[in-house]
Amino acid sequence: MLGKTEAPANKDAVKERDRWTAADNSVGHKNMQQLIQLRWIAVVGQITTIAVVTLGLGIELPVRHMLEVLVCLVAFNIASHLRWHERPRVSNSELFLALLVDVAILTAQLYLSGGTTNPFIFLYLLQVILSAVLLEAWSTWIIVAITSACLVALSILSSPLTLPYDHEYLVFSMYVQGVLICFSLNAILLAFFITRINRNLRTGASQLADLRKRATEEENIVRMGLLASGAAHELGTPLATLSVILGDWRHMPEFTNNPELRAEIVEMETQLKRCKAIVSSILLSAGEARGESSVKTTLNTFLNDLAAEWRSSRAITYFEYKNRIEQDVPVVFDSVLKQMICNVLDNAVEASPHWVRLEVSSKEDVLTLLITDAGPGFPPDMLSQIGKPYQSTKGRPGSGLGLFLVVNVARKLGGTVAARNRKEGGAAVELTLPLSAISLDEDDEDVG
């Protein structure tokens, strides 16, 4: 925005890349939090199972070794919580490694408690399904291969779990009950956590869709900027020609001796200067005005000058300007910000040529500009579409781009645009901008 013309493009590109990365990382971080919660449930479930099996059913298990494995799981989960609480970025590889640790802990516990004869052997499916939901394809297939290899190793290396042979009792068989418990546990955990994980994924997809929409809108702005810049260049020559012709007419006897014609020439020259100023402003926004891409001033000076200049160049009966900013601050602004505010004022005066009010204030490092008019107001369906192109009350092809550009410029500066209809009639548009977006800092000291 300020200073060198190449800096904004680079900053915007970095911000755009950061927004996409943040949206992607947010989903990964939420999924890692789900795994941490699932691991705590596993800790409670394993402690409960060990206590019930050893104390309630009288089945001998290597409790000390199983508790040692459980301590390792608790330590890993605490470390994971501390790490991902402070660091929001979670990659696919980090999720993959976390699931590998879960597979390793499950394998160790199954090895100590009967291997493939343990009814809870089917908990491997939980790890495979979670990997299919959370990970990229290559990572999921590696999890499938590792869990399959663990099953084979357990069937060969582990000692069978000593259970009474009671299969004739069908559903009352201890092994069958263990399988039913394992199935119910798998089903409950999958239904609960995959629902939450899918919600995270949908949220991430929605954020990415918003970013794509924003990128498309900003691309349209760039195209319109290029078109406006090209048109400004083309208008430069005929405007210069008209200026020369009017200068010659001023010295011709036919005009010098006729006060009415002389007054009209003066008015034509005034309007011509305004056209030149508009063309220069367009080129200035494109960074093509001899390095004068920004101006150092104060906030009150900028706003007061803008209001005075706008009032003097528009045909309006009454323009009410109220500046409620108590503490003036140094700022650096370029023509884009000025054009954004003037665009809203121009829309207001088109709807209400007799009265427009501009009220500015600042609070908690936020600049607020409220533009109100006494026109017909916004149609209800348009209020919900503010900021979208080709939404206009003017009924002309191509209308509605003004507010579209205003919304996008405000968004680029970190601000917002809100529109509403006034109870007493007319419309109100409120612009809010962080003062940090235009405030003068050390990097702007070289701007001239």
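This report walks through a predicted model of a protein, from its overall make-up down to single residues.

**The whole protein**

The protein has 12 helices and seven strands. Of its 448 residues, 37% are buried. If we take the contacts with a separation of 6 or more, 72% of them join residues 24 or more positions apart.

Helix H2 covers residues 63-86, which makes 24 residues. At 1.5 Å a residue, H2 should span 34 Å, and the 35 Å between its end C-alpha atoms agrees with that. Which residues of H2 are buried? They are Met66, Val69, Leu70, Leu73, Asn77, Ser80 and Trp84. Here a general point is handy to keep in mind: an α-helix has 3.6 residues a turn, so residues three or four places apart point the same way.

Now look at Arg39, which belongs to helix H1 (residues 6-56). Is Arg39 buried or exposed? Its relative accessible area is 2%, so Arg39 is buried, as the cut-off for that is under 20%. Setting aside neighbours within four places in sequence, Arg39 is in contact with Leu73, Phe76, Asn77, Ser80, Ala98 and Asp102.

Two packed helices are described by the angle between their axes and the distance between the axes. Helix H3 (residues 92-112) packs against helix H4 (residues 123-134) at an angle of about 175°, and their axes are 10 Å apart. H3 is therefore roughly antiparallel to H4. On the H3 side, the residues that meet H4 include Leu95, Leu99, Asp102 and Leu106. On the H4 side, Tyr124, Gln127 and Leu130 are among those that meet H3. Sorted by class, this contact holds nine nonpolar, four polar and one charged residues.

H4 also packs with helix H5 (residues 137-157): the two axes come within 9 Å and cross at roughly 170°. So H4 is roughly antiparallel to H5 as well. Tyr124, Gln127, Val128, Ser131 and Ala132 are the H4 residues here, and their partners in H5 include Ile143, Val144 and Leu151.

The table gathers a few residues for you to find in the structure.

| Residue | Relative accessibility | State |
|---|---|---|
| Cys182 | 1% | buried |
| Cys342 | 12% | buried |
| Glu309 | 42% | partly exposed |
| Asp365 | 59% | exposed |
| Glu364 | 68% | exposed |

Glu309 sits in helix H9 (residues 299-313). The C-alpha atoms of Glu309 and Cys342 are separated by 10.0 Å, while the two residues are 33 residues apart along the chain.

How many disulfides does the model have? The count comes to zero. As background, a disulfide is a covalent bond between the sulfur atoms of two cysteines.

**A loop with positive phi angles**

Finally, visit the loop between strand E4 (355-363) and strand E5 (366-373), where Glu364 is found. Glu364 is not a glycine, yet its phi is positive, at about 55°. Asp365 lies in the loop between E4 and E5 too. The phi of Asp365 is near 65°, again a positive value in a residue other than glycine.

Key:
Residues are numbered from 1 along each chain as its sequence is written. This is a predicted model: local features need pLDDT of at least 70, side-chain atom pairs count only at pLDDT 80 or more; totals for chains, interfaces and linings use all residues. Side-chain values use heavy atoms; hydrogens and water are left out. Helices (H or I, at least four residues) and strands (E, at least two) are DSSP runs, numbered from the N terminus. The expected span of a helix is 1.5 Å times one less than its number of residues. Buried means under 20% relative accessible area, exposed over 50%, partly exposed in between (1.4 Å probe, protein chains only). A disulfide is a pair of cysteine sulfur atoms within 2.5 Å. Axes are lines fitted to C-alpha atoms, for helices over the stretch in contact, and angles run from 0 to 180 degrees between N-to-C directions. Angles under 35 degrees count as roughly parallel, over 145 as roughly antiparallel, 65 to 115 as roughly perpendicular and the rest as oblique. Contact means heavy atoms within 4.5 Å. Ala, Val, Leu, Ile, Met, Phe, Trp, Tyr, Cys and Pro count as nonpolar, Asp, Glu, Lys and Arg as charged, and the others, Gly among them, as polar.
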